[in-house]
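Thanks for coming, everyone. I have one chain to walk through today. Let me put it on the screen.

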Amino acid sequence: MILTETGQVRFPAYTAHCPKGVLEMKLTIARCHTDSSGRMPPHVLAKVMEDAVKRQMEACGWGRETMETKNVALVVGWTSIQIKRLPRLGESLLARIWPGRKKCSMHVRKYAFFTDVGEAVVSAAVLFLPMDRTSRKLTVAEIPVLPEVVISGEADVPSLRRAFPTKLPNQAVRTVRAHEIDENGHMNNTCYLQWANELWENDHRRQHEPRSIWVQYANELMEGQTVTLDYAVQGQRLYVRGSVNQTDSFLAVIQYESPPVAGIVRKKDSS
């Protein structure tokens, strides 16, 4: 039996009062947030996470204008998302973000999504790195380090490496479009998730939901670049390597599961 990431992690417990040092956002899942089945796909979850960190940085005086003046951008290096279930159309969500302990030069952010009745549905952690906007290289710019907050059951910091199959026998090609470019001048991190998830869905597996997601953003992608997506499916796990001219741009590992059927309780495999 291959254990899923969800089976190995805890989810943060809900508290009625927002803990000190935690930023809280409320949203209702609208049609524009969902796919054709009424579920909120991973890249939209990641977009909410992106909006949350922007609000957090603005609250401490480091909004977009300050970032541009300082000639620095805070870019995503690694993302790890655990999903108990995907939020549904019409649900009210509470999204929370808080700073974790800085890891070397990387800024850590933790996230949790709760329903309006306190059900934890998503837990995540992201590693951010400061990048010089002109040279497009990592920098030692002094971006504010927020005091660490520890929440019981919070997500672990993403691992820097994941094992990959020796061969990725399937291949697709994508071109970076203008609408996929963000304010930092490169393809937005949410698009990588969308590209990877669409590989799974294009193989007629829409009945499955992602349960765990790991992404490493190795090199930025720019408008007009042609990206080769080599991928493999092993059981219910998808492995993706995106590259340009044989240089890795990103790596992704996504574990999927069939969503539970109402009234049916699954038995755990004891093997």
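A definition before anything else: two strands pair if DSSP finds at least two bridges between them. Helices (H or I, at least four residues) and strands (E, at least two) are DSSP runs, numbered from the N terminus.

Now the ground rules. This is a predicted model, where local features need pLDDT of at least 70, side-chain atom pairs count only at pLDDT 80 or more, and totals for chains, interfaces and linings use all residues. Residues are numbered from 1 along each chain as its sequence is written, and side-chain values use heavy atoms, with hydrogens and water left out.

Start with the hairpin. Strand 4 and strand 5 form it, with 4 residues between them. In the turn, glycine 118 has a positive phi of about 85 degrees. Strand 4 covers residues 107-115, and strand 5 covers residues 120-132. The two run antiparallel, joined by 8 bridges. Phenylalanine 113 stands opposite valine 122 in strand 5.

Step back to the whole chain. There are 3 helices and 10 strands. From the N terminus, the order is β-α-α-β-β-β-β-β-α-β-β-β-β. What is the radius of gyration? The chain has 18 Å, which agrees with the value near 18 Å for a compact globule of 271 residues. That radius is taken over C-alpha atoms, and the globule rule is 2.2 Å times the number of residues to the power 0.38. Along the principal axes, the C-alpha atoms fill a box of roughly 55 × 50 × 35 Å.

Next, burial. Buried means under 20% relative accessible area, exposed means over 50%, and partly exposed is in between (1.4 Å probe, protein chains only). Buried residues make up 51% of the 271 residues. On contacts, meaning heavy atoms within 4.5 Å, take pairs at least 6 apart in sequence: 73% of those contacts join residues at least 24 apart.

Charges, quickly. Lys and Arg count as positive and Asp and Glu as negative, while His and the chain ends are not counted. The place of a charge is NZ of Lys, CZ of Arg, CG of Asp or CD of Glu. The chain has 35 positive and 29 negative side chains. The centres of the two sets lie 4 Å apart.

Back to the strands. In a regular strand the side chains alternate between the two faces of the sheet. Look at strand 1, residues 23-28. Leu23, Met25 and Leu27 point to one face and are buried.

Which way does strand 1 pair with strand 3, parallel or antiparallel? It is antiparallel, over 6 bridges, with strand 3 at residues 92-99. Leucine 27 has leucine 93 as its bridge partner in strand 3. Strand 3 then pairs with strand 4, again in the antiparallel sense, over 7 bridges. There, isoleucine 97 has tyrosine 111 as its bridge partner.

Strand 4 is mostly covered, with 9 of its 9 residues buried. His107, Arg109, Tyr111, Phe113 and Thr115 point one way. Val108, Lys110, Ala112 and Phe114 point the other way, and all are buried.

Strand 2, residues 72-83, has 12 of its 12 residues buried, so it is largely enclosed by the rest of the structure. It runs antiparallel to strand 5, with 11 bridges joining them. Valine 76 stands opposite phenylalanine 128 in strand 5. Strand 2 also pairs in the antiparallel sense with strand 7 (residues 209-217) over 5 bridges. Tryptophan 78 stands opposite glutamine 216 in strand 7.

Now the loops. Isoleucine 29 lies between strand 1 and helix 1 (42-59). Is isoleucine 29 buried or exposed? It is buried, with a relative accessible area of 2%. Its contacts, leaving out residues up to four places away in sequence, include Thr34, Met40, Pro87 and Leu93. Isoleucine 29 and serine 92 are 63 residues apart in sequence, yet 6.3 Å apart in space, C-alpha to C-alpha.

Last, phi. Most residues other than glycine have a negative phi. Arginine 136 has a positive one, near 65 degrees. It sits in the loop between strand 5 and strand 6 (170-175). Arginine 136 is partly exposed, at 26% relative accessible area. Asparagine 245 also has a positive phi, near 50 degrees. Its loop lies between strand 9 (237-244) and strand 10 (247-257). At 74% relative accessibility, asparagine 245 counts as exposed.
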